[in-house]
Amino acid sequence: MTTAATLGTETGTQVNQYLTFTLGSEEYGIEILKVQEIKGYTGITPIPNTPPYIRGVMNLRGTVIPVVDLRVKFSMEEQAYDKFTVIIVVTVRDKVIGVVVDAVSDVLDVAASQIRETPDLGARADVRFIGGMATVGEKLVVLLDIEKLLSAEEMSSLTSAA
Amino acid sequence: MEFDISRFRDTFFQEAEEHAATMEAELLRLEQGGGDAESLNAIFRCAHSIKGASGTFGFDDIAKFTHALETLLEGMRAGRIEPTAARAALLLRSVDVLRELLAAARTGGPPPAGVEESAAQLVVAQRADWAPNAPAVARVDDSAARPYRIRFVPAPEIFLQGMDPVLVLRELERAGEVQELRVDLSRLPPLAQLDPEICYLGWDLRLRSEKSAEDLRDVFAFVEDGARVEVEPETARPALSAPSVRAPVRDSTSIRVTTEKVDKLVDLVGELVIAQSMAAEILNNFTASSLLRLQEAFSEMERYTRELQERVMGVRMLPIGSVFSRFPRLVHDLAEATGKRIVLEMSGEETELDKAVVESLGDPLTHLIRNAVDHGLEPPEERRAAGKPEQGAIRLHAFHQGGNVIVEASDDGRGLDAAKIRRKAVERGLLAEDQPASEEQIHAMLFEPGFSTAEQVSSISGRGVGMDVVKRTVEGMNGAVSISSAPGRGTSVRIKLPLTLAILDGLLLRVGEQTYILPLVAILESVRPTAAQLNSMAGQGEVVIMRGEPLPLVRLHRLLNVPTEVTDATRGLLVLVENHGRRLALLVDELLGQQQVVIKSLESNFRKVEGVVGATILGDGRAALILDVAGLAQMARNARGVIDR
């Protein structure tokens with residue numbers, strides 16, 4: 001086990017480690033360096049007048065952090081939380097944010113050569129926060145750019161009704 | 001009024017020491033040519049603060065000395081006097097004298113010698129052609145050794161010339177103190193190739209010497225041929241400052257706690273540990289009959305925990321009254337000095353703020369009061385002529401509002417002269433001649449550094465430092481400051497401070513499955529309404545009649561979008577809250593109780609949310625939102641506005 005997530009291989013290509021998780025049948029990955037910890041699903045307090053994908057806030061050892069539901073964010077069908085539901089706690093530009101996903105699956109080594117650009121899905125698809133696609137063995141993993149995903153305006157600025 | 005000022009003497013000395021340290025650091029920068037207008041401003045503000053505070057505490061010699069200091073600084077700041085290194089050096093020495101004065105005042109000892117002379121120097125130094133008089137400077141320059149960095153690489157054939165580099169090093173040793181000597185072996189060949197008659201070595205040394213670089217160079221006169229000799233002063237810093245540099249101590253993040261308080265905390269933790277081990281003991285030998293004892297042990301632990309929490313919080317929180325209480329004396333003295341009749345009214349002294357915030361409020365409030373007395377309040381005759389009571393009033397008022405603590409300092413004097421401020425702003429180049437500016441914008445000009453409209457510079461105020469210090473200090477605490485004024489009716493400065501660190505007395509209430517907290521200060525009462533009290537106004541919202549007065553009824557579940565079964569107001573509870581003198585009835589499911597909660601910021605990881613001050617952690621570990629009455633009122637108005645359209 002190496003402490004660094006980025007390893008140089010003999011061929012010289014860069015390998016990054018990704019934490020992969022599932023949403024429905026799809027598999028996603030986020031850079032492991034952004035992950036602070038993984039928590040079981042605990043009580044979330046809703047916040048009024050925020051976008052639906054912001055589930056609310058939770059207590060992380062005395063700090064109050066917002067929690068984002070990726071299913072809602074990706075306009076997927078909502079699903080009741082169960083014992084596999086986890087909250088991945090990530091750090092994005094000094095802010096600590098919880099992300100609800102169905103389940104975490106693995107830590108993958110992904111070489112830069114394995115990453116393909118996101119195919120053009122047409123104008124209607126919002127792919128800004130997709131960093132690329134990686135094929136690892138049989139699986140296709142969608143690599144998320146968590147910075148772009150969670151630092152959007154609605155997370156940081158007040159869109160006041162006033 | 002019975003008033004003991006001695007309690008705040010320690011604070012004064014601590015603050016003065018901090019100011020002196022800041023002045024020193026900035027002066028050092030200035031002396032090295034690194035300072036800018038901002039450093040001058042900073043130094044000036046420090047001197048001004050010490051002057052003001054020492055006057056309050058009756059340390060007249062300190063006030064007098066800092067006045068001299070300040071006058072010179074003012075000239076430098078305004079650009080009338082050139083801030084030369086020599087002047088900076090003089091000021092540095094003056095800071096040392098000031099420190100001695102402070103030490104003498106603290107111990108009650110005799111004032112140090114040479115104060116008068118120093119003060120006189122400061123006055124003389126205002127002359128444009130001033131130069132530090134020769135003997136003093138010569139003495140200063142000679143008395144202190146300067147650091148040099150010397151590199152000496154003798155010519156390889158130095159031995160052939162009959163010279164010995166060691167002799168040179170000895171000579172250097174006599175010229176000063178060698179602090180570091182490093183031999184450069186980089187040219188040394190392997191032993192087999194070494195020629196014993198060739199010098200392969202070089203030396204790097206750091207020397208502290210009183211001699212000049214030229215004198216030191218002379219040491220190398222006989223070995224210079226073919227050698228590399230570098231003699232450089234280590235820094236450009238003049239001699240004077242070098243020996244007396246003290247690292248400025250800024251303990252802005254620390255708080256002073258009496259040992260007594262800490263001891264009490266230690267005791268409490270001890271008690272808690274004992275109570276816990278007792279509970280553990282009961283559990284170890286648990287039988288049905290020990291249940292009662294277990295309950296007792298738990299309630300004991302709970303009691304200790306609560307007390308511990310209160311005391312830990314108490315370490316940080318301080319009523320604002322502790323800073324207010326220095327002002328009666330100040331106002332009294334100012335009244336005497338100006339011949340004005342003044343009454344000081346204070347309210348909200350019990351408002352608690354973080355200790356650090358309370359302490360930092362001292363200086364800005366002092367400035368505001370000085371300004372109010374000096375510029376705001378009119379002399380008795382003028383007041384009489386204007387039909388006002390002869391006695392002018394200064395009011396200090398602290399209160400909670402929304403998630404903030406507001407401190408207002410107001411007077412009933414002549415108010416601000418917008419035309420005069422405008423003229424001054426144009427003069428200073430802050431505003432173009434024909435540039436339109438609202439009254440608000442013009443008032444805001446007062447917060448610019450060095451902006452003063454006083455015709456006469458007095459020792460009370462009128463140098464225009466007050467307001468920019470106020471602004472800086474308040475903004476440093478993440479607060480905001482604003483000023484409002486009505487001609488002939490007075491001026492009011494409003495300082496708004498965030499409550500981020502504060503604890504809040506809250507009322508826990510339930511809406512649906514959610515628990516919310518309302519600040520207790522905003523709550524008037526809670527009632528269960530009868531159907532007869534409820535009315536709706538033609539689809540424009542609901543009202544509840546309380547003692548004949550119709551109040552808007554706000555359904556929290558609707559406002560916060562929380563599902564609940566209690567939609568019938570007669571089955572829920574109405575919490576009556578007040579905001580800006582306007583009342584509002586909030587419909588909730590039920591009240592859960594009263595509790596002190598620690599406010600956690602939502603903004604640090606998320607953002608500001610309308611109608612919410614922050615969050616807190618409940619006993620069961622869940623996060624709960626603390627509601628902001630002002631924000632809720634606004635949201636309710638907006639919601640109705642939508643219906644209106």
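Here are some exercises on the two-chain model above, each with a worked solution.

This is a predicted model, in which local features need pLDDT of at least 70 and side-chain atom pairs count only at pLDDT 80 or more, while totals for chains, interfaces and linings use all residues. Residues are numbered from 1 along each chain as its sequence is written, and chains are lettered from A and ligands numbered from 1 in the order in which they are written.

**Exercise 1. The two chains**

Find how many helices and strands chain A has, and how many chain B has.

Step 1: Helices (H or I, at least four residues) and strands (E, at least two) are DSSP runs, numbered from the N terminus.

Step 2: Chain A comes to three helices and 12 strands. Chain B has 20 helices and 22 strands.

Step 3: Now look at burial. A residue is buried if 20 or more other C-beta atoms lie within 10 Å of its own, exposed if 12 or fewer, and partly exposed in between, with C-beta atoms placed from the backbone. In chain A, 30% of the 162 residues count as buried; in chain B, buried residues make up 35% of 645.

Step 4: Finish with contacts. Two residues are in contact if their C-beta atoms, placed from the backbone, lie within 7 Å. Take the contacts in chain B between residues at least 6 apart in sequence: 69% of them join residues at least 24 apart.

**Exercise 2. Where the chains touch**

Work out which element of chain A gives the most to the side that touches chain B.

Step 1: Count the residues. The contact takes 25 residues from chain A and 21 residues from chain B.

Step 2: List the elements of chain A that give two or more residues to this side: β5 (54-60), β6 (63-69), β8 (95-101) and α3 (153-156).

Step 3: Pick the top one. With four residues, β6(A) gives the most.

Step 4: Sort the residues of chain A's side by type. Ala, Val, Leu, Ile, Met, Phe, Trp, Tyr, Cys and Pro count as nonpolar, Asp, Glu, Lys and Arg as charged, and the others, Gly among them, as polar. That gives 14 nonpolar, 10 polar and one charged.

**Exercise 3. A helix pair**

Describe how α3(B) and α4(B) pack.

Step 1: Two packed helices are described by the angle between their axes and the distance between the axes. Axes are lines fitted to C-alpha atoms, for helices over the stretch in contact, and angles run from 0 to 180 degrees between N-to-C directions.

Step 2: For α3 (60-77) and α4 (85-107) of chain B, the angle is about 160° and the axes are 10 Å apart.

Step 3: Name the arrangement. Angles over 145 degrees count as roughly antiparallel, under 35 as roughly parallel, 65 to 115 as roughly perpendicular and the rest as oblique. α3(B) and α4(B) are therefore roughly antiparallel.

Step 4: List the partners. Among them are Ile62(B), Phe65(B) and Leu69(B) of α3(B), and Leu98(B), Leu101(B) and Ala105(B) of α4(B). The contact residues divide into eight nonpolar, two polar and two charged.

**Exercise 4. Positive phi**

Locate Asn49(A) and Arg93(A), then say whether each is exposed or partly exposed.

Step 1: Most residues other than glycine have a negative phi. Asn49(A), though, has a positive phi of about 55°, and phi of Arg93(A) is near 45°.

Step 2: Asn49(A) is in the loop between β4 (35-40) and β5 of chain A. Arg93(A) is in the loop between β7 (86-92) and β8 of chain A.

Step 3: Asn49(A) counts as partly exposed because it has 15 C-beta neighbours inside 10 Å. Arg93(A) has 9 such neighbours inside 10 Å, so it counts as exposed.
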